[in-house]
Amino acid sequence: IDRKFSSAIIGKADLLLKIGSYAEAIEGYEVAVTAFPDVAHIWLNRAKALNGASRVGEAVESVDRALKLSDAPAINKSGQIVCNTAAGRTVLLTPH
């Protein structure tokens, strides 16, 4: 995927996530994680969208993937997402 096109897809998915259009945001993040499977924040935003769509199991898997790619905290300061994962971390998926 062309980098400009990818940035547009990610930007659109981020906007859709912000306004609560979770199903559409998930579609964009699916394209993004396929193009950039090693970018933690895309997996984390995918998890937020999945959680918003009540697809919690998949959201936890996305968080786990993000945590494996980065040691950065998985959100919080009440934007939550911090469940016990294979990486031994605790994640709280706050419902939207």
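Biologist: What does Lys 68 form a salt bridge with?
Modeller: With Asp 64. The closest N and O atoms are 3.3 Å apart. Keep in mind that this is a predicted model.

Biologist: How far apart are Lys 68 and Asp 64 in helix α4?
Modeller: Four residues. In α4, which covers residues 56-69, that separates Lys 68 and Asp 64 by about one helical turn.

Biologist: Is Lys 68 buried or exposed?
Modeller: Exposed, with a relative accessible area of 57%. Asp 64 is buried, at 12%. The cut-off for buried is under 20%, so Asp 64 qualifies.

Biologist: How many salt bridges turn up in the whole structure?
Modeller: Three. One of them joins the side chains of Glu 58 and Arg 55, at 2.8 Å from N to O. Glu 58 is partly exposed, at 30% relative accessibility. Arg 55 counts as partly exposed too, at 33%.

Biologist: And what is the partner of Arg 46?
Modeller: Glu 30. The closest N and O atoms of that salt bridge are 2.8 Å apart. The pair links distant parts of the chain. Arg 46 sits in helix α3 and Glu 30 in helix α2, 16 residues apart.

Biologist: Where does Arg 46 fall, buried or exposed?
Modeller: Buried, with a relative accessible area of 12%. Glu 30 is partly exposed, at 30%.

Biologist: Switching to α2 itself. What span should its 14 residues give?
Modeller: At 1.5 Å a residue, residues 22-35 should span 20 Å. The end C-alpha atoms of α2 are 20 Å apart, so the two agree.

Biologist: Which residues of α2 are buried?
Modeller: Tyr 22, Ala 25, Ile 26, Gly 28, Tyr 29, Ala 32 and Val 33. Seen down the axis of α2, the buried residues fall within an arc of 165°, so they line one face of the helix.

Biologist: What is exposed on the other side of α2?
Modeller: Ala 23, Glu 27 and Thr 34.

Biologist: New topic, Asn 45. Which helix is it in?
Modeller: Helix α3, residues 40-52. Asn 45 is buried, with a relative accessible area of 14%.

Biologist: What does the side chain of Asn 45 join up with in a polar contact?
Modeller: The side chain of Asp 14, at 3.2 Å.

Biologist: Leaving aside neighbours within four places in sequence, what is Asn 45 in contact with?
Modeller: Asp 14, Leu 17 and Tyr 29. Tyr 29 is also one of the buried residues of α2.

Technical notes. Residues are numbered from 1 along each chain as its sequence is written. This is a predicted model: local features need pLDDT of at least 70, side-chain atom pairs count only at pLDDT 80 or more; totals for chains, interfaces and linings use all residues. Side-chain values use heavy atoms; hydrogens and water are left out. Helices (H or I, at least four residues) and strands (E, at least two) are DSSP runs, numbered from the N terminus. The expected span of a helix is 1.5 Å times one less than its number of residues. Buried means under 20% relative accessible area, exposed over 50%, partly exposed in between (1.4 Å probe, protein chains only). The arc is that of the directions from the helix axis to the C-beta atoms. A polar contact is a pair of N or O atoms within 3.5 Å; within protein, one must be able to donate a hydrogen and the other to accept it, and residues adjacent in sequence count only if both atoms are side-chain atoms. Contact means heavy atoms within 4.5 Å. A salt bridge is a side-chain nitrogen of Lys or Arg within 4 Å of a carboxyl oxygen of Asp or Glu.
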